[in-house]
Amino acid sequence: MARAANALLLFGATGDLSRRMLLPSLYRLDADGLLPADLVIVATARSEMDEAAFRETADTALHQFVDAAQLEPAAVERFIGRLRYVAVDASDPSQFATLAEAVGPRTGDMAIFLSTAPQLFEPTIAGLSAAGLAGEGVRIGLEKPLGTDLASSRVINDAVAAVFPEGRTYRIDHYLGKETVQNLLALRFGNGLFEPQWNAMGIDHVQITVAETVGLEGRVGFYDGAGALRDMVQNHMLQLLALVAMEPPAQFDATAVRDEKVKIFRSLRRIGPNEAATHTVTGQYGAGAVSGAVVPGYAEELGRPSGTETFVAIKAHVDNWRWKGVPFYLRTGKRLPARHSEIFIQFKGVPHSIFASKGAVVQPNKLVIRLQPEETIRLLVMAKKPGLDRDGIRLREVPLDLGMADAFADTRRRIAYERLLLDLIEGDPTLFVRRDEVEAQWEWIDGIRAGWEANGMEPRPYAAGTWGPSAAIGLTERDGVTWHD
């Protein structure tokens with residue numbers, strides 16, 4: 001079993017992710033006494049600055065992105081005191097010697113977090129190896145994106161594997177660190193209520209939606225080369241699908257959980273040229289209004305025409321015994337009417353309604369697992385409307401809500417990066433993605449993109465502030481299903 005690291009190398013330490021998420025997460029962990037007492041955080045980036053300047057930058061980030069109630073002067077001072085800074089151009093291997101000097105002789109394990117552009121992964125890893133910073137007891141965390149297709153993903157994975165074996169490679173998907181995603185596993189495998197119905201006999205269909213109200217938001221260079229399918233579906237949404245669909249692992253450990261997930265990715269029915277036009281919809285937002293504010297179209301924001309999709313909807317199937325015939329509808333897009341991420345599960349109706357003769361309509365039960373903005377689990381069940389029933393029995397759908405903030409009001413909520421950074425430091429790979437998972441996901445995604453190309457499919461226009469192209473509605477309504485908005 002891995003030991004807790006006493007050194008953390010943080011690449012890309014001056015970037016937006018570091019300022020908004022990584023440094024605040026590490027501070028909160030430190031303030032709660034969860035970081036090893038002797039942990040030193042060596043931050044690095046291309047920016048030329050001395051250690052004092054970086055510490056000032058980190059202090060500013062904490063005061064900007066951490067709640068004021070959590071900022072205790074003594075805790076802030078202790079955390080800032082852990083920070084070192086070394087400017088390194090990752091494309092120049094000779095500069096890693098300076099980084100090794102800053103780390104100094106290691107007496108324990110070391111964790112590395114790469115929050116850099118993917119094209120810097122290979123030279124960074126080569127530089128780490130040449131400087132003696134990649135040996136036994138060193139593990140590396142990789143922030144997405146890990147390639148743009150299966151071929152480029154394999155190039156990155158091969159470069160990593162040449163220095164870091166799979167057991168010391170931690171690929172990050174921050175959705176897996178969300179509390180409600182963890183509660184999906186608890187809901188499924190910690191309760192006897194759901195498992196007997198969690199299959200094709202009990203579930204009619206599953207919907208997974210990740211909706212954003214924002215547009216490009218400064219991600220022009222990355223997003224236009226990626227699009228919604230590669231940015232959201234390949235990683236976050238397929239991971240959620242796997243957690244919904246996977247078989248019960250024998251135990252909650254890294255090998256067992258990831259073995260079951262990869263079986264789902266390999267069971268996904270391929271969507272190729274013959275299915276792309278009927279099982280997928282792509283779109284690109286035009287001008288419109290979101291939350292009452294007029295916003296420009298994608299091409300206007302980009303400054304030129306583009307064939308990149310900002311919306312995608314997919315009808316997927318998992319071809320195994322448990323899920324035979326159950327459609328999984330995936331939908332994600334930018335400039336949609338609301339920001340939320342959720343899993344919606346519609347169970348099959350009762351085989352016979354004893355209330356029909358009394359005028360009552362019975363609706364199938366529904367389970368809604370909301371990941372953001374608020375984390376909730378809602379089960380919709382049928383209940384009798386109070387009354388004397390002289391005009392017939394009336395049934396109504398009522399919610400059984402588990403609001404995580406209310407149910408655990410006495411426990412502080414953790415953001416995903418707090419959990420993932422702590423797991424990286426402590427050496428627990430359960431919530432990280434394995435190479436065979438990543439490559440199975442890319443293989444499925446590449447098939448869809450090949451189908452788009454073969455059919456000459458271009459993104460359909462949709463107005464900002466709407467739920468995507470009208471064809472996305474048709475994708476589900478052909479099956480008698482309505483999107484859960």
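First, the ground rules. This is a predicted model, where local features need pLDDT of at least 70, side-chain atom pairs count only at pLDDT 80 or more, and totals for chains, interfaces and linings use all residues. Residues are numbered from 1 along each chain as its sequence is written, and side-chain values use heavy atoms, with hydrogens and water left out.

The unreviewed UniProt entry annotates residues 10-183 as "domain: Glucose-6-phosphate dehydrogenase NAD-binding". Such annotations may be inferred rather than shown by experiment, and their positions are given in the numbering used here, with feature names shortened. That span is 44% helix and 17% strand. Helices (H or I, at least four residues) and strands (E, at least two) are DSSP runs, numbered from the N terminus.

Two strands pair if DSSP finds at least two bridges between them.

Strand 1 (residues 5-11) and strand 2 (residues 40-45) run parallel, joined by five bridges. There, alanine 7 stands opposite valine 40.

Now the other end. Strand 5 (residues 138-143) pairs with strand 6 in parallel over four bridges. Leucine 142 faces arginine 171 across that pair.

What about the faces of strand 6 (residues 169-172), are they covered or open? Both are covered: Thr169 and Arg171 on one side, Tyr170 and Ile172 on the other, are all buried. Buried means under 20% relative accessible area (1.4 Å probe, protein chains only).

Methods. Buried means under 20% relative accessible area, exposed over 50%, partly exposed in between (1.4 Å probe, protein chains only).
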